[in-house]
Amino acid sequence: MKPIINFAAQLGATITLNPDFTVKKGNRYFLLNSNLNKVLRKDFYYAGTYLGKVKNGKFFPSFALLTMLAKKEANKIVVDRKTAWLFICGRDIFQKGITAVQGSRQKGIHTLVLNEFGECLGFGRIIRTLNAEEKGNEVAVKNISDVGDFLRRET
Amino acid sequence: MNGKEFFTNRYLQLGWKFQEATPKQAIRINTTNAKGKNLIERLYANGIDLKKIPFLENGYWISNAKVSAGATAEYLLGLYSIQEAAAQIPATQFTRLSDKKVLDACAAPGGKTVQLADQMNNTGTITALDVNKHRLKALANHLERCHVSNTAVYNLDARKVPQLNLKFDRILIDAPCSGNYATDKNWFQHRTLADVERNAKLQREILTQCAACLNLDGEIIYSTCSLEPEEDELNIDWTIKHLNLQTEAVGCPGEKGVTNVFGKRLDASVEHCRRIWPGETQGFFICKLKKRGDNA
């Protein structure tokens, strides 16, 4: 569970996972509900809520985990409609597309990316300290992972 | 006689005159995720016009689309799934699903698994099986995208379900089948009666093993997208006679199950099933089976 907790911390969030309900299968982590926990066999392929995987020592969060973290106190930016669309197409975020910031604004920090409805679209790394006064065409947040990945996985 | 003549002549004997069909594209709203999100208005703003499907609570035809319905943010966030209208019917036929132990015996690619989870509001458990390992990835992606949290997936042949040592309250058998011409333009060129009979045998084996894992008063929904009676009414007639299950009425459009198949008289209760011939939807067959308790 350490990779998950460490990842949450990178986003300025804290997460508590019940170790009895958190299972690791290969390099993948899953969170079970109490009913599933009673019936799950070891040879499952997928179970409960997928939290993410560790690959080459690096943690790759699932979108379910990002959604869970988005409901907590964490670093978040809200982006406008056009920016949201470009982000899920894999693009980085310009300063001018950001409509609100919660949590850290500092360069180098990870932040969740939310659309105008408060739905989590993914996360990125702030590469230019976010300044509310600036509305420029410079990339401010680099895309690390976005929900468009569901489409890219299929191709 | 070519394949098309052979099969369409059989359909005529079952009381239906062949017609070309192109099923409309449909979506199903994942109500657990979309609650309070004005999804229909949001899709309209994106250039997707929807029309309610009268026989489905959460199903909509796509009447006009300026963008692909499979590439919107709302789709990627799991607010809806793209699911053919007739394929949405089987999961809606269960009596009360909340908190139940549910088996989805042939689950990949997962459209109906997600639908079951949505109807259960992620309560209870779903055990989802598929024999084909490379199809499990699509199933897992579907579950993740739609935030399903009550499902365990196994790479297991549905005929081996007793190995799990579990009993279920509800079982969906959306059986592997021969398909139909409405979704496969070359269907008549590559399908033979031998394929149909091979699939029918496999389906009976799946029914047998799933029935053994069904609790008393439990329900099985059996469905196929095959129009061939060997995979549909004849299998249900066999099930009634061999597996101690009874049919119950299916509440959806379509014709009654055929009880006289090419001169063979079937159990009268087979007419509780529904046979949907291709038209606005693809072809489909749906049957509800119940294992009666001792006091029934």
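This is a predicted model: local features need pLDDT of at least 70, side-chain atom pairs count only at pLDDT 80 or more; totals for chains, interfaces and linings use all residues.
Residues are numbered from 1 along each chain as its sequence is written, chains are lettered from A and ligands numbered from 1 in the order in which they are written, and side-chain values use heavy atoms, with hydrogens and water left out.

**View 1. Chain A as a whole, with five helices and 11 strands.**
Helices (H or I, at least four residues) and strands (E, at least two) are DSSP runs, numbered from the N terminus. Chain A has a radius of gyration of 16 Å, close to the 15 Å that the globule rule gives for 155 residues, so it is as compact as a globular protein of that length. That radius is taken over C-alpha atoms, and the rule is 2.2 Å times the number of residues to the power 0.38. Picture the C-alpha atoms of chain A in a box of roughly 55 × 35 × 30 Å along the principal axes. Of its 155 residues, 45% count as buried; here buried means under 20% relative accessible area, exposed means over 50%, and partly exposed is in between (1.4 Å probe, protein chains only).

**View 2. The open sheet of chain A, built from six strands.**
Reading across, the order is β7-β11-β10-β9-β6-β8, and the pairing is mixed. At the edges sit β7 (93–94) and β8 (98–102) of chain A, each pairing on one side only. Two strands pair if DSSP finds at least two bridges between them. Zoom in on β9 (residues 110–114) and β10 (residues 120–126) of chain A, and you find five bridges in the antiparallel sense. Look for Val113(A), which stands opposite Gly122(A) in β10(A).

**View 3. Phe44(A), a buried residue in a loop.**
The loop in question runs between α2 (34–39) and β3 (46–47) of chain A. Phe44(A) has a relative accessible area of 5%. So who are its contacts, leaving aside neighbours within four places in sequence? From chain A, Phe44(A) touches Val23(A), Lys25(A) and Phe30(A), and from chain B, Val153(B) and Tyr154(B); contact means heavy atoms within 4.5 Å. Lys25(A) is 19 residues away from Phe44(A) along the chain, with 8.3 Å between their C-alpha atoms.

**View 4. Asn56(A), a residue with a positive phi.**
Find Asn56(A) in the loop between β4 (49–55) and β5 (58–61) of chain A. Its phi is near 50 degrees, and it isn't a glycine. Is Asn56(A) buried or exposed? With 78% relative accessibility, Asn56(A) counts as exposed.

**View 5. Chain B as a whole, with 10 helices and 15 strands.**
A compact globule of 296 residues would have a radius of gyration near 19 Å, and chain B agrees at 19 Å. Its C-alpha trace spans about 55 × 45 × 35 Å along the principal axes. Buried residues make up 60% of chain B. Take the contacts in chain B with a separation of 6 or more: 74% of them are between residues 24 or more positions apart.

Strands β2 (residues 48–52) and β3 (residues 59–65) of chain B run antiparallel, joined by five bridges. One pair to pick out is Lys51(B) with its bridge partner Trp61(B) in β3(B).

Start with Pro109(B), in the loop between β5 (101–104) and α6 of chain B. The peptide bond from Ala108(B) to Pro109(B) is cis, with omega near 5 degrees. Eight of the nine residues of α6 (residues 111–119) of chain B are buried, so this helix is largely enclosed by the rest of the structure. Among the buried ones are Gly111(B), Val114(B) and Leu116(B). After α6(B) comes Asn121(B), with a positive phi near 50 degrees.

**View 6. His147(B), in the loop between α7 (133–145) and β7 (151–155) of chain B.**
His147(B) has a positive phi near 60 degrees in a residue other than glycine. Its relative accessibility is 24%, so His147(B) counts as partly exposed.
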